[in-house]
Amino acid sequence: MKEVALKELLYKIADDQLILGHRNSEWTGFGPLLEEDIAFSSMAQDKVGQSYALYQLLNQLGEQEPDTVAFMRNAQQFHNCQLVELPNGEYDFSLIRHFLFDTAEAIRFDLLSQSSYQPLADLAKKIKGELQYHTLHANTLIKKLGSATPESIGRLQNSLDIALPYALGIFEPSPFESSIIAEGFFAGEAELQKQWILKVDALLAQTQLKPISWPTVKAIYGGRNGQHTEHLQPLLDEMSEVFKIDPTAEW
Amino acid sequence: MKSLDPRVNRLPTLSREITTKVPLDQLGTYEVFVQAKENKPFQHEGIVHASDIELAFVLAKETFTRRFTCVSIFVTDTRDVYVSALTEGTVNAYDTLPPYTPNANNILENYLIFHLLKRGKQHVLAGKVTASTPQEAMLKGKENLQDGKPVFNVWAIRESAIRHTQPEEMVLWKTLPDKKYRDASDYKAGDKLTRFLAQRKNEIL
Amino acid sequence: MYGGGNTFEAIRTDSLAQEDPEKLAAFEAKIERGEKIEPTDWMPALYRKQLIRMIEQHAHSEIIGALPEGTWITRAPGFKRKLSLMAKVQDEVGHAQLLYSAAETLGKTREQMIDDLLSGKSKYSNIFNYPAFTWADSCFISWLVDAGAIVNQLANAKGSYGPYCRALERICAEESFHLKYGHHCVIFLATGTDKQRQMFQEAINRWWAPMMHFFGPSDKISAHTEILMKWKVKMGTNDDMRNQFLDMYVPKIWELGFTLPDPNLKKNPTTNKWEYTEPDWEEFKRVINGEGPCNKERIEVRRIAEERGRWVREALKAPQAAYVTPLA
């Protein structure tokens with residue numbers, strides 16, 4: 001039971017990072033400014049690298065090889081939240097998603113640095129600097145673009161309104177929530193959400209974006225349970241196109 | 001557009017007429033300095049375009065320190081770099097400074113002084129001086145920071161015009177040495193190749 | 001990634017008559033001594049013009065060069081390849097950033113350069129107008145197109161303009177990862193399944209002609225560039241560069257058991273030079289002038305990227321920040 005709960009926790013974090021890292025990498029070479037193109041690509045690489053590290057932990061717990069896990073499962077077997085699988089849209093949506101997700105991610109790993117599962121706590125401590133950069137980048141750009149021109153403010157507001165219900169889906173409780181907390185693996189999704197709302201509110205208060213009326217935002221759940229939008233399976237098909245030419249081959 | 005790149009196939013079709021850029025529709029220029037290791041001096045590495053010094057700092061990090069090691073960077077607006085004449089041969093740039101008498105009542109500030117010691121190389125941090133103006137800072141550099149070699153170019157930057165890496169930001173580069181996938185050394189396939197060649201040789205024989 | 005092949009047209013040197021002969025002599029002596037020229041040094045107008053042209057074309061080749069390999073960025077097989085290819089394509093964007101900055105020190109803004117790319121006024125390396133049909137094509141580019149670029153860039157890094165040389169030193173250090181990564185990928189294909197070997201052989205067959213074009217028209221038919229060689233703007237002839245590349249890489253390709261689609265390709269033991277079927281320079285010209293399989297797509301993708309990013313740049317444009325020419 002303990003191990004099932006731990007694996008579920010690791011899978012959902014890793015799946016989030018892999019899928020969002022993949023999505024964000026689609027911007028490489030298409031970004032709005034060369035320097036931003038480079039920064040956004042680095043953060044996508046960090047995400048894929050972090051997911052790889054987590055799949056390696058899972059592998060040590062008896063799960064299959066990271067490549068097999070990442071490239072051979074179908075959408076129903078993925079535990080990522082739906083927020084990360086949505087198409088990139090325009091840069092406003094990608095940035096807002098980056099801000100909402102990475103704010104949560106930084107808090108999540110901060111909490112995980114206290115995890116009773118030592119390899120996870122070690123990983124969380126190790127990647128602290130990466131996550132700090134991601135939130136520094138997100139906060140800097142949202143602060144700027146959220147207070148700049150009517151177009152930039154309007155775009156971010158619109159994307160924020162679309163993304164918020166999905167963002168709350170990050171915190172969809174696990175069926176093993178009480179066990180995860182009791183074992184000290186992780187402080188739990190409710191605690192994470194509470195801290196996340198404070199950070200999001202504080203940053204938005206420094207912009208001209210509207211304060212969020214949280215009770216009116218209805219969370220979109222399902223992703224943690226393998227229920228996904230129509231966008232995930234095509235993403236996975238594309239990602240594994242070469243790998244599946246011959247999954248037993250070395251590429 | 002029908003492309004082999006699935007990303008390109010997902011690009012939106014633009015409805016509005018594509019126009020050329022407005023002349024000089026471009027962001028500000030910021031100079032980037034990098035310290036690769038503790039005890040090594042900061043060195044000029046290049047520029048980024050950004051809206052302000054904070055964004056310049058954020059963008060400079062990934063533009064210039066994606067590999068090897070880095071402990072700290074800083075950025076400053078190009079307009080905040082005071083530049084001496086560029087000299088060659090045996091002419092020392094410090095000897096070309098115009099005469100200058102600072103006003104004794106001026107407020108003193110810290111300035112960082114950079115030297116170009118070999119033409120074609122980067123400007124390197126020589127030290128810090130206290131002065132009331134960039135001109136005075138350069139004169140102080142002339143008195144205190146030379147070590148006998150000719151300096152071909154001097155830069156003076158007011159410390160208050162610099163966005164430094166804060167102590168709590170040193171952690172930003174912590175995993176940099178682990179990102180081996182960006183280094184040539186991580187791509188060794190010699191064994192595979194040797195085995196393959198040996199096998200091919202046998203087949204031919 | 002840049003082969004330097006399509007940079008130079010016939011150079012008109014009439015403007016040199018207007019230059020101050022003393023300054024010109026001192027400038028040339030400085031280059032002769034092996035010293036670098038820095039942005040605030042005196043330089044002939046022709047030197048400035050040709051450098052801007054060359055560095056700008058190089059920069060365009062990087063940003064456009066990110067696209068053929070980018071074709072496979074979402075499909076790289078396995079974690080390691082995925083991370084490597086993301087970093088590799090990112091580096092190409094980074095190289096463009098460095099090179100545009102070097103060209104900016106000569107007085108042309110990045111915006112003007114990108115405008116000239118989109119309007120077709122300035123060119124980029126011909127090879128990126130060809131499509132990357134399979135994963136193996138992306139491996140060919142990573143290994144061999146980058147190898148060709150390194151031959152050219154290592155030579156250019158010994159050139160006379162300081163900011164360009166410094167950018168190239170950084171770029172060459174990064175390209176060594178590209179080259180090793182590319183070779184690693186190819187070794188895996190070569191030593192893999194029949195299907196994998198076949199994929200790479202087909203990629204070679206598709207890319208060999210563009211690869212031979214990469215270094216530019218043969219010296220017999222290309223424009224005279226003596227003045228640029230003297231000023232250390234151009235550091236080797238097209239045929240020299242091509243020969244160096246063939247010398248280093250043909251044996252490595254053959255070693256892996258692949259064939260090259262040119263029955264006349266061989267090294268002449270007497271001259272120590274490679275002999276090959278003369279590349280089709282008419283085809284080369286057609287592609288440079290817009291008739292290649294992907295010219296339209298490449299430029300259109302850049303246009304869309306620029307247009308979609310416009311609101312971001314406009315919003316970031318702050319009155320307190322101002323564009324000025326970079327220092328070094």
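This is a short walk through a predicted model, one chain and one contact at a time.

Hello everyone, and a word on ground rules to begin. Residues are numbered from 1 along each chain as its sequence is written, while chains are lettered from A and ligands numbered from 1 in the order in which they are written. Because the model is predicted, local features need pLDDT of at least 70 and side-chain atom pairs count only at pLDDT 80 or more, whereas totals for chains, interfaces and linings use all residues.

How confident is the predictor? For the complex, the predictor gives an ipTM of 0.97 and a pTM of 0.96. Chain C has a mean pLDDT of 93, with 97% of its residues at 70 or more; pLDDT is the predictor's confidence in each residue, from 0 to 100.

Let's start with chain A. Its secondary structure comes to 11 helices and zero strands. Here helices (H or I, at least four residues) and strands (E, at least two) are DSSP runs, numbered from the N terminus. The C-alpha trace of chain A spans about 50 × 45 × 30 Å along its principal axes. For 251 residues, a compact globule would have a radius of gyration near 18 Å, and chain A agrees, with 18 Å. That radius is taken over C-alpha atoms, and the globule rule is 2.2 Å times the number of residues to the power 0.38.

Inside chain A, 53% of the 251 residues count as buried. A residue is buried if 20 or more other C-beta atoms lie within 10 Å of its own, exposed if 12 or fewer, and partly exposed in between, with C-beta atoms placed from the backbone. Of the contacts in chain A with a separation of 6 or more, 76% come from residues 24 or more positions apart. Two residues are in contact if their C-beta atoms, placed from the backbone, lie within 7 Å.

Glu241(A) and Phe71(A) are 170 residues apart in sequence, and 9.0 Å apart in space, C-alpha to C-alpha. Glu241(A) sits in the segment after α11 (232-239) of chain A. Is Glu241(A) buried, exposed or partly exposed? Glu241(A) is partly exposed, because 17 other C-beta atoms lie within 10 Å.

Now for chains B and C together. Here 47 residues of chain B are in contact with 57 residues of chain C. Which element of chain B gives the most to the side that touches chain C? That is α4(B), with five residues. By class, this side of chain B has 20 nonpolar, 14 polar and 13 charged residues. Ala, Val, Leu, Ile, Met, Phe, Trp, Tyr, Cys and Pro count as nonpolar, Asp, Glu, Lys and Arg as charged, and the others, Gly among them, as polar.

Next, two asparagines. Most residues other than glycine have a negative phi. Asn39(B), though not a glycine, has a positive phi of about 75 degrees. Asn39(B) is found in the loop between β1 and β2 of chain B, and is exposed, with 6 other C-beta atoms within 10 Å. Over in chain C, Asn272(C) has a positive phi of about 65 degrees and is not a glycine either. Its place is in the loop between β1 (266-267) and β2 (274-275) of chain C, where Asn272(C) is exposed, with 9 other C-beta atoms within 10 Å.
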